[in-house]
Amino acid sequence: MKEIDTKVITNEVARLCVEAATYIECDVLKVLKKAKDNESGLSKSIMEQIIENDELATNENVPMCQDTGIMICFVEIGNDVHLNGDLYEAINKGVSKGYTEGYLRKSVVKSPLNRINTKDNTPAIVHVKYVLGDQLKITVCPKGAGSENMSKVKMLVPADGIDGIKKFVVDTIVEAGGRACPPLIVGVGIGGDLETCALLAKKSLLRPIEDESDDPDANKLEHELYDLINKTNVGPMGLGGKTTALAVKVNLYPCHIASLPVAVNIQCHASRHKVVIL
Ligand code: SF4
């Protein structure tokens, strides 16, 4: 049994909050640069500014976007891990410390109705998965409101089929336009039930940007959606161009014979997540 002190969790989460806000993932930067070379005129200039912004953030240790997000934490806890305290409390203390000491924008309100700011960006949204082993894996994923607000869930029916799924995804991206800050990473969850498909879509955004699904049907759909989305001419920041999506990720899960739940979770170009394994 591995003993983990919850103070270590707090400190690591605090560190990851600042790093996620500041340092763009290398794989995302690589794909942004490749996409920039494919653009011309205004769309190329926008891509150059996005890349310059991300590189400046890294070099100057400042957030790459003013919206440093609400913190989503995915936790995998092994059956041979013992904590000396409360996991949720440890994570929230880490978020509070990271956002306060890192001078990150506090964007969480206590209630969606009273809109009073909690002033330390807590509480985080924490998803815990039980796994085998003696490791604790924490992935932090700050999510800005621009792209999250344009995300959607729809309960399709089997008769809608693949064409219905494609239409829903592409319509969602076109409706989002510039408000989701494209170029995007488009996470698509298909199957499960109402909340499961949304979680599938969100989790798909954690996959490496150049990763492709192992499932042949999902893989085919990822390629088809990528092509369809990039033909919409939404383009960088919604001002037209070839690059609307940097990547499309499709995650599947079994579902009821009469259901076809589909979720589209949009990730803006400020794709941020960091991982620690304890
Ligand atoms: S959608 Fe993304 S890039 Fe746009 S303001 Fe929000 S966090 Fe920043």
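A residue counts as buried when its relative accessible area is under 20%, as exposed when that area is over 50%, and as partly exposed in between, with a 1.4 Å probe and protein chains only. The structure is a predicted model, in which local features need pLDDT of at least 70 and side-chain atom pairs count only at pLDDT 80 or more, while totals for chains, interfaces and linings use all residues. Residues are numbered from 1 along each chain as its sequence is written, and side-chain values use heavy atoms, with hydrogens and water left out.

Y103 sits in the loop between α4 and β4; helices (H or I, at least four residues) and strands (E, at least two) are DSSP runs, numbered from the N terminus. Its phi is near 55°, a positive value in a residue other than glycine. N61 is another non-glycine residue with a positive phi, here about 55°. N61 belongs to the loop between α3 (41-60) and β2 (70-78), and at 51% relative accessibility N61 counts as exposed.

Next come the domains. The assignment gives domain 1 (2-20 + 64-143) and domain 2 (146-270), with bounds that come from an automatic or database domain assignment. Their contact takes 8 residues from domain 1 and 12 residues from domain 2, where contact means heavy atoms within 4.5 Å. Taken over C-alpha atoms, the centres of domain 1 and domain 2 are 26 Å apart.

Around the ligand are C65, Q66, D67, G144, G146, S147, A180, C181, C268, H269, A270 and R272, a residue being near a molecule or strand if one of its heavy atoms lies within 4 Å of it. Domain 1 and domain 2 each supply at least three residues to this shell. By type, the shell around the ligand splits into 5 nonpolar, 5 polar and 2 charged residues. In this scheme Ala, Val, Leu, Ile, Met, Phe, Trp, Tyr, Cys and Pro count as nonpolar, Asp, Glu, Lys and Arg as charged, and the others, Gly among them, as polar.

Then there is the largest pocket, which holds about 430 Å³ of space. A pocket is found on a 1 Å grid over the protein atoms alone, as an open set of points where a 1.4 Å probe fits, with protein on both sides within 12 Å along at least five of seven lines; lining residues have an atom within 4 Å of a point. Grid points are joined across faces, edges and corners, and the volume is the space filled by probe spheres set on the points. The largest pocket has 19 lining residues, with V31, I209, Y226, L246 and A247 nearest its centre. Two or more lining residues come from each of α2 (26-37), α8 (216-230) and β8 (245-255). Of the elements, β8 gives the most to this lining, with 5 residues. The lining of the largest pocket is made up of 8 nonpolar, 4 polar and 7 charged residues.

D5 is partly exposed, at 30% relative accessibility. The C-alpha atoms of D5 and G85 are separated by 7.6 Å, although these residues are 80 residues apart along the chain. Helix α1 (residues 6-22) includes E12, and T10 lies in helix α1 too. T10 is buried, with a relative accessible area of 11%, and E12 counts as buried at 18% relative accessibility. What does T10 touch, leaving aside its neighbours within four places in sequence? The contacts of T10 are A90, K93, G94 and K97. E12, not counting residues up to four places away in sequence, touches V276 and L278.

Further along, L194 is part of helix α7 (residues 194-204). Beyond its neighbours within four places in sequence, L194 is in contact with V153 and M155. L194 and A263 are 69 residues apart in sequence, with 8.4 Å from C-alpha to C-alpha.

Finally, the model contains cis peptide bonds. The bond from T122 to P123 is cis, with omega near 0°, and P123 is placed in the loop between α4 (87-101) and β4 (125-131). The bond from P182 to P183 is cis as well, with omega near 15°. P183 is found in the loop between α6 (161-176) and β7 (184-192).
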